[in-house]
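Visitor: I have a structure to go through. Can you take me around the interior?
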Amino acid sequence: MAVSGRHAVHRTMVLVDVERFSAPGRTLHHQLDTRAGLYAVVAEAMAAAGVPWDACHHEDRGDGLFLLVPPEFPKAPLAEVLPEALARAVRGHNGTSHDAARVRLRLAVHAGEVAFDQRGATSTALTDAFRLLDAAALKQALADSPGVLAMIVSRLVFDDVVRHCATLDPATFRPVQAAAKEFRELAWIALPDHPYPADPTVLTPRSPDTPAPEIASVGPVATGPASGPGKHARCDGPGPRGVHIAGDVQGSGPGITIGAATGDHLTIGTPPPSAQQPHNPR
């Protein structure tokens, strides 16, 4: 159920799409049977997850549909129960349908703010959810799977829900950079009825936007000879340079010498007069 107004409200987004809905062998009669089956299996799976169909705002997309789940319904069952229930319902539909009316589905789960008007729902978060559903990585995952369902969840849903689910192993998900049109985001893919092997190492991927460790810098630095680990300064890129000091710091006044005890010298500033320099009586 939707309430129109200028202010957005929080919703969990469940989007479902039929693979190859417009395949050449699927006639109009088959498409109608496919759509009827789609609505039936989604309603069945949502009920299994404890979310009544009539409690949600839902819109048709021809070869798919989406539902907006009110915040009073927890998200965890939509990650734990819904996918397996949906795959089970699809297999039941396929077992009693003509070959051309059988379906395989892509499922996307996201959450965020949504605004409603008399024509439906809109928001940046909802647009992002459709980008996830259309991601090439999700389509490829379903194409490569012998199962009937491939699911993608946003980073938000994975971090806030999937990682904390009691009956779902997050190590069976795989991180991907979901890309569709101008959309580029980290997301997670799972195959509910033919899961990936559990791999705990995927749970700590380094995000592409994670900054590299910072190096303390002292501005452009001149270096002397180095003769092993710990006796060099990095000078392999533009910008300020960092210097690693190995050895003692000696000298005072206008200049200091670094590394005098090791034989590797670096002088910063104007060096003090050498002891061998002739004395000028003036």
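This is a predicted model: local features need pLDDT of at least 70, side-chain atom pairs count only at pLDDT 80 or more; totals for chains, interfaces and linings use all residues.

Visitor: How many residues are in the largest nonpolar core?
Guide: That core has 47 residues. A nonpolar core here is a set of buried Ala, Val, Leu, Ile, Met, Phe, Trp, Tyr and Cys residues joined through side-chain atoms within 4.5 Å. Buried means under 20% relative accessible area, exposed over 50%, and partly exposed in between, with a 1.4 Å probe and protein chains only. Val42, Met46, Leu105, Leu107, Val153 and Phe173 have the most contacts inside the core.

Visitor: Which helix gives the most to this core?
Guide: Helix α3, residues 82-95, with six residues. Helices (H or I, at least four residues) and strands (E, at least two) are DSSP runs, numbered from the N terminus. There is also a second, separate core of 26 residues, which includes Leu68, Leu132, Val176 and Ile189.

Visitor: What is Leu105 in contact with?
Guide: Leaving aside neighbours within four places in sequence, its contacts include Val16, Leu38, Leu86, Leu142 and Leu149. Contact means heavy atoms within 4.5 Å.

Visitor: Leu142 is in α5, then. Which residues of α5 are buried?
Guide: In α5, residues 136-144, they are Leu138, Ala141 and Leu142. Seen down the helix axis they fall within an arc of 95°, so they line one face; the arc is that of the directions from the axis to the C-beta atoms. Ala136 and Asp144, on the other side, are exposed.

Visitor: And what covers the buried residues?
Guide: The cover includes β4 (105-117), α4 (124-133), β6 (149-154) and β8 (183-190).

Visitor: Changing topic: His110, buried or exposed?
Guide: His110 is buried, at 10% relative accessible area, and is found in strand β4. Its side chain is joined to that of Ser154 by a polar contact of 2.8 Å. A polar contact is a pair of N or O atoms within 3.5 Å; within protein, one must be able to donate a hydrogen and the other to accept it, and residues adjacent in sequence count only if both atoms are side-chain atoms.

Notes. Residues are numbered from 1 along each chain as its sequence is written. Side-chain values use heavy atoms; hydrogens and water are left out.
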